[in-house]
Amino acid sequence: METKSTLFLFVLAIAGGIFAKNAGRLVRYLSFGKTENRVDSLFARIKQTLLVGFAQTKILRDKVAGPIHAGIFWGFLILLFSAAEGVLEGLNPAWSFNFLGPIYSGITVLTDIFCLMIILGTALSLWRRYVTKVKRLQVEHEKVEAGLILLTIFSIVTSLLLQNTARVGMGEDFSWAVRPVASTLASILPLGHVSFEIFWWLHMLLIFSFTNYLPFSKHLHVLTSIPNVFFSNLGPVNQLEKIDFENENLTRYGVNDIEDFTWKTFLDSYTCTHCGRCTSVCPANQTGKVLDPRMVIIGIHDRVIEKAPLIDKITDYKKNASRENIRNAADGILSGKSSGDFDKNESELFTILLNEEEQSIWNKKLIGDYVSPDALWACTTCGACMEECPVNIEHVPAIVGMRRSMVMMESSFNEESALLPDIYGNMETNSVPWGGFSEQDRALWTEGMDIKTAAEDPEMDVLFWVGCAGSFDDRAKKTTKAFAELMQLSNINFRILGTEERCTGDPARRSGNEYLATMLTTMNVETMNAYNVKTIVTTCPHCFNTLKNDYPQFGGHYEVMHHTQYIKELIDSGRLSIDADKASLSKNAIAYHDSCYLGRYNEEYEAPRALLENVPGLSVLEPARSKDRGLCCGAGGGRMFMEEMVGDRVNITRTNELLETGASTIAVNCPFCSTMITDGVKAADRIDQVQVKDISEILLESVKRN
Ligand code: SF4
Ligand code: SF4
């Protein structure tokens with residue numbers, strides 16, 4: 001073996017060994033999270049990986065940084081091939097992929113082109129980070145690291161290009177190799193054998209160093225992004241884990257520390273690129289709250305990296321311990337308690353195994369020391385962060401998981417969420433979040449409308465789920481009545497549950513009270529299954545999402561429609577028709593506001609727009625942010641029932657965007673949005689000029705009545 005090959009083999013073995021050790025450690029940490037099946041629906045997972053992972057569809061949503069990053073990513077895929085060839089060549093200078101013939105030519109051409117693209121891409125990224133100082137890239141403690149990483153990538157690619165330039169200068173050594181950029185450079189830069197060896201070694205050593213640096217850096221995403229996308233949630237957006245309250249062995253609810261997350265949240269935390277896309281679209285962050293979804297994920301990552309080695313140490317000790325009482329004591333420590341909760345044996349073992357510094361790390365709190373409770377309460381669960389994240393990180397289930405611990409284990413609320421215990425009390429006693437209402441009054445809105453309950457006559461084609469706001473809130477009751485009238489005009493055989501309907505549990509579930517949500521859900525499912533309900537329609541996107549996506553977890557399987565989808569079907573089938581004369585009287589510019597739970601959660605953007613566009617005389621205006629980028633009204637995730645004391649008000653920010661369209665009417669599809677936007681219009685002192693209407697009210701004004 002040549003000296004070069006021997007030396008290279010030695011370097012490769014060391015670099016490979018160190019990498020395997022550190023990467024293996026991170027893989028082992030995943031086992032400290034709870035188990036979760038993320039290998040179902042393989043075909044859908046592969047499709048998602050091809051689209052989001054390889055085609056970079058989410059990265060490309062950002063029209064400036066997207067193409068830069070996608071260029072770097074695709075370039076790296078090609079360069080992986082060159083790196084593999086470098087390893088072959090290191091082992092034996094005569095080895096290459098030249099035998100691939102014309103395919104090899106294609107790859108060498110692409111290698112040259114991508115070298116250029118990456119050099120430009122990294123230069124541009126450095127420019128955006130340090131010269132134009134793009135806001136979302138300015139994370140103080142990362143300034144130096146980010147620069148070094150970009151410079152390393154720049155150097156890896158430049159050394160490859162110069163190495164290939166030297167190859168050309170030395171006389172092309174591979175017959176199928178076509179190198180347009182290197183050939184051009186070779187005519188200017190006369191590089192020879194010595195330069196080749198220098199750039200070849202520099203290139204390989206930089207690759208080995210970079211690969212070994214990855215497990216310790218935010219650039220770990222280079223290795224974990226594709227698997228993270230592959231394992232990401234395929235089901236309904238923000239699907240929350242059900243808790244089995246019947247399980248007597250379960251003593252902890254929600255996420256108190258990292259062991260309460262599943263392994264997928266660990267992987268999410270490894271994968272965050274720190275790009276800040278989530279933060280830049282977060283309504284809470286953008287209105288001055290402490291919530292920064294990127295920092296929530298970074299906080300989880302920091303806790304994983306600090307605590308997992310300690311869990312590793314204790315697990316290892318337990319495995320090797322010969323005595324059962326020591327293994328039991330280790331189990332006690334590993335069960336996620338803080339040191340104050342240990343019994344005598346556990347305390348002794350704890351102090352033997354961990355030094356003082358390690359003990360103080362162990363005793364830190366995920367919620368408090370790494371993630372701010374105020375940040376967790378500020379989340380509206382709008383899902384904008386998850387929609388934007390290029391590597392499919394799942395912020396909202398993590399946030400709600402931590403809220404569960406605060407609510408169910410600690411009963412801990414901040415100033416803004418201090419009203420929640422009363423709200424929960426109302427839901428428990430009267431099945432409605434607002435105080436001052438009796439569940440016996442749920443159907444009072446039907447007075448004079450000839451609407452039957454399921455108890456009066458269970459023969460129905462569809463159940464109209466009215467919801468708490470639709471039953472009790474004066475503004476929302478107008479929507480309820482308008483939609484009921486549209487169904488009556490279409491001769492739909494519908495029923496309501498009346499006094500048998502309870503809150504769906506959405507505000508409880510999203511704010512962290514899974515126990516209460518489970519109780520309400522179970523009762524509602526029992527009621528609806530007893531009436532053999534098949535199809536449900538509702539005017540509330542929160543009820544819609546909960547009934548459609550949460551209730552199947554509890555045995556409630558129904559076809560669930562939002563009223564805008566249902567009205568569209570009525571119009572499409574001819575059961576309802578627009579009265580052109582009447583509609584044309586209402587010449588109007590309408591701004592449409594997407595609710596998060598109909599839009600991002602259920603990807604329904606078209607039905608409401610189609611309804612409005614169907615009305616002659618109406619022109620639909622889009623606010624600056626709409627559809628999957630629509631800004632939240634501020635009421636989701638239980639925020640409807642919390643105070644907003646910090647920063648600007650989310651509803652006012654959103655209303656101003658809608659007012660900027662110049663529309664005289666704002667169309668909504670949600671009772672919470674209706675309240676929030678109406679308050680926003682009042683705050684802007686425009687209530688005399690601008691109306692806020694539900695789509696059903698607009699349609700009711702425009703349809704034919706026979
Ligand atoms: S769900 Fe919405 S409010 Fe919550 S962190 Fe994500 S973007 Fe922010
Ligand atoms: S969570 Fe996703 S969007 Fe947010 S910083 Fe990390 S990678 Fe970027």
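In strand S1, Val-462 and Phe-464 point one way while Leu-463 and Trp-465 point the other way, and all of them are buried, buried meaning under 20% relative accessible area, with exposed set at over 50% and partly exposed in between (1.4 Å probe, protein chains only). In a regular strand the side chains alternate between the two faces of the sheet. Strands here are DSSP runs of E of at least two residues, helices are runs of H or I of at least four, and both are numbered from the N terminus.

The model is predicted, so that local features need pLDDT of at least 70 and side-chain atom pairs count only at pLDDT 80 or more, whereas totals for chains, interfaces and linings use all residues. Residues are numbered from 1 along each chain as its sequence is written, chains are lettered from A and ligands numbered from 1 in the order in which they are written, and side-chain values use heavy atoms, with hydrogens and water left out.

Strand S1 belongs to an open sheet of four strands, ordered S2-S1-S3-S4 with parallel pairing, where two strands pair if DSSP finds at least two bridges between them. The edges of this sheet are strand S2 (494–495) and strand S4 (559–562), each of which pairs on one side only. Two bridges join S1 (residues 462–465) to S2 in parallel, and Leu-463 has Arg-495 as its bridge partner in S2. Helix H25 (residues 541–550) packs on the sheet, where it touches S1, strand S3 (535–538) and S4, and its direction makes about 165 degrees with that of S4; contact means heavy atoms within 4.5 Å, and angles run from 0 to 180 degrees between N-to-C directions of lines fitted to C-alpha atoms, for helices over the stretch in contact. Helix H26 (residues 563–572) also packs on the sheet and touches S1, S3 and S4, but its direction makes about 90 degrees with that of S4. Between S1 and S3, which run parallel, there are three bridges, and Leu-463 stands opposite Ile-536 in S3.

Another open sheet of four strands has the order S6-S5-S7-S8, again with parallel pairing. Its edge strands are S6 (618–621) and S8 (691–694), each pairing on one side only, and the twist from one strand to the next averages 35 degrees. Strand S5 (residues 588–592) pairs with strand S7 (residues 665–668) in the parallel sense over three bridges, and Ala-591 has Ile-666 as its bridge partner in S7. Helix H28 (residues 606–613) lies across S5, S6 and S7, running at about 175 degrees to S5, while helix H30 (residues 671–683) lies across S7 and S8 at about 160 degrees to S7.

Turning to the whole protein chain, there are 31 helices and eight strands, and the C-alpha atoms fill a box of roughly 95 × 70 × 45 Å along the principal axes. Buried residues make up 56% of the 706 residues. Among contacts between residues at least 6 apart in sequence, 78% join residues at least 24 apart.
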